[in-house]
Amino acid sequence: MEKSATVSPILTGSSVIAVKYSDGILMCTDTLASYGSMAMFKEIPRMAAIGKSTLIGASGEYSDFQEIIRILRQKDTDDFIEHDGITLNAGHFASYISSVMYGKRNKGNPLYNSLLMGGFVNSQPYLAYIDLYGTHILGDYHVTGFAHYISKPIIAAEWRPDLTEEEAKILIEKGMKVLWYRDARASDRIQFAKITRNGVEFDDPYKFNSDWDQESFKNYSLNPLYPYN
Amino acid sequence: MSGAGTGYDLSPTTYNPEGRVFQVDYAIKATENGGTIIGLKCRDGILLAGEKNVVSRMMMEGSNKYIFGVTKEIGAVITGVIPDGKSVIMRARQEASQYSEFYGQQIKPTVLADRVAQFMYLFTLYGGLRPFGSTIMLAGKYQNDYRLFMVDPSGAMFEYYSCTAGKGSQVCRTEIDKLRLEDITVRDAVYHVCRMLIKSREETRDKRYEIDMGWVSEESFGLFVPVPTEFRKEMENKAKEDIEREERGE
């Protein structure tokens with residue numbers, strides 16, 4: 001009989017952002033795994049493809065993310081080898097893994113992640129948010145972690161259903177930049193991935209520019225509420 | 001010579017004075033009465049095929065397949081006692097998924113074939129178990145090479161360029177030996193195999209039958225998949241017409 005209690009996460013990823021756009025779903029993460037406050041692994045992928053049908057991105061405990069990938073890829077293989085003309089899509093995987101996560105949450109042994117899963121269901125773009133509690137929510141755009149507070153308002157103000165890939169990238173990069181300024185566990189090296197009707201594609205990760213010499217940062221002490229003047 | 005029914009054939013744990021284990025021999029007999037199955041290693045991949053009698057018009061076409069995927073790159077075809085073969089396939093699937101969980105790598109076809117053979121061999125050792133009445137052919141891709149294996153009820157496993165089993169195996173064997181396998185693709189082979197399978201049917205051609213095929217090849221990007229039904233039917237009909245024409249002496 002396995003006995004395990006919840007442990008705090010050890011090696012973690014920060015936010016994930018994903019939006020529906022004209023061709024499918026565009027998703028972005030930074031490439032950082034933090035060991036508490038240490039930026040331990042700065043060039044690791046926090047998104048993965050499950051077959052050709054699903055793109056998954058995770059924040060939270062990295063080892064649990066690896067386990068989720070292993071579980072879902074095995075499910076994808078088990079379905080493929082049946083050769084029965086039926087394929088599991090992102091919606092199936094999302095329902096499955098959210099049930100797994102809910103069950104483990106009830107036993108006090110969660111998979112410590114918030115996931116975004118994108119794909120197509122009935123030929124329509126599908127984007128789901130799934131977390132360690134077993135919450136499973138569909139939407140036109142989703143974020144995890146800190147980005148709820150920082151990036152989501154930016155995305156919500158400008159999202160449209162007919163965004164082109166370029167427009168969606170610019171919008172998401174805005175959200176990732178503000179995370180770099182304000183989330184102490186974020187990084188400025190980000191990676192985009194998309195899922196379209198042709199399958200999953202990963203872009204090369206890159207470092208974006210940021211301006212730490214902004215007036216509002218430099219002149220923070222001029223703020224009338226700054227208490228140390 | 002001790003023949004059947006002389007007391008040495010009651011259990012797999014008994015040899016006869018000539019050194020045979022009759023229960024294993026009887027299991028092999030069961031596979032010889034099954035539908036013909038063929039494995040061909042061609043220039044660009046491996047084709048697995050089989051034919052079976054369709055007992056009733058009420059059975060849906062394409063149901064009751066006996067070509068199975070084991071992993072994305074490895075497939076199998078079975079003959080003989082089909083439920084026995086199916087249970088070996090289920091074990092093979094388990095072996096494959098446990099291997100990749102444990103080693104983080106896809107199982108090589110050689111290793112999988114060995115595991116299947118060891119599993120079938122196990123059932124020839126104990127009085128409480130009977131040997132599987134099924135012969136399994138496994139085909140898979142590993143590192144730019146395609147490998148074909150056949151395992152019989154005794155647990156003996158060999159690697160092949162081409163292999164046959166079941167009722168029409170002798171007829172198909174002679175037909176295969178006429179082909180130069182290194183020169184044909186799996187796509188070409190579909191036609192040849194349809195010809196062989198139709199020719200090898202001892203019963204009258206009026207008996208309903210179904211041909212089942214799967215391939216792993218460059219064309220399928222190294223994945224084991226069923227041969228597309230329309231293409232297979234097209235080749236089947238062409239083979240049938242060609243055979244009838246030859247019989248009419250044209």
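At what angle do helix H4 and helix H5 of chain B pack, and how far apart are their axes? The legends below start with this pair; the model is predicted.

**View 1. Packing of helices H4 and H5 in chain B.** Two packed helices are described by the angle between their axes and the distance between the axes. For helix H4 (residues 169-177) and helix H5 (residues 186-199) of chain B, the angle is about 145° and the axes are 9 Å apart. The crossing of H4(B) past H5(B) is right-handed. On the H4(B) side, the contact is made by Cys172(B), Glu175(B) and Ile176(B). These meet Met196(B), Leu197(B) and Lys199(B) of H5(B). Sorted by class, the contact has four nonpolar residues, two charged residues and no polar ones.

**View 2. A nonpolar patch on the surface of chain A.** The patch is formed by Ile10(A), Tyr35(A), Met38(A), Met40(A) and Phe41(A). Together they have about 490 Å² of accessible area. Strand E5 (residues 38-41) of chain A gives the most to the patch, with three residues. Ile10(A) belongs to the segment before strand E1 (11-13) of chain A.

**View 3. A salt bridge between Lys20(A) and Asp140(A).** The closest N and O atoms of this pair are 3.7 Å apart. Over all chains, the count of salt bridges comes to 32.

**View 4. Positive phi at Ser123(A) and at Phe221(B).** Most residues other than glycine have a negative phi. Ser123(A) is not a glycine, yet its phi is positive, at about 65°. Ser123(A) sits in the loop between strand E8 (113-121) and strand E9 (124-131) of chain A. In chain B, Phe221(B) has a positive phi of about 55° and is likewise not a glycine. The loop that holds Phe221(B) runs between strand E9 (209-217) and strand E10 (224-226) of chain B.

How values were computed. Residues numbered from 1 in each chain as written. Chains lettered and ligands numbered in written order. Predicted model: local features only at pLDDT ≥ 70, side-chain atom pairs only at ≥ 80, totals over all residues. Heavy atoms only, no water. Axes fitted to C-alpha atoms, helices over the stretch in contact; angles between N-to-C directions. Helix = DSSP H or I, 4+ residues; strand = E, 2+ residues; numbered from the N terminus. Left-handed = near helix turned anticlockwise from the far one by under 90°. Contact = heavy atoms within 4.5 Å. Nonpolar A, V, L, I, M, F, W, Y, C, P; charged D, E, K, R; others polar. Patch = residues over 30% accessible without salt bridge, like charges linked within 9 Å, V, L, I, M, F, W, Y side chains within 5 Å. Areas by Shrake-Rupley, 256 points an atom, 1.4 Å probe, with all protein chains shown as cover. Salt bridge = Lys/Arg side-chain N within 4 Å of Asp/Glu carboxyl O.
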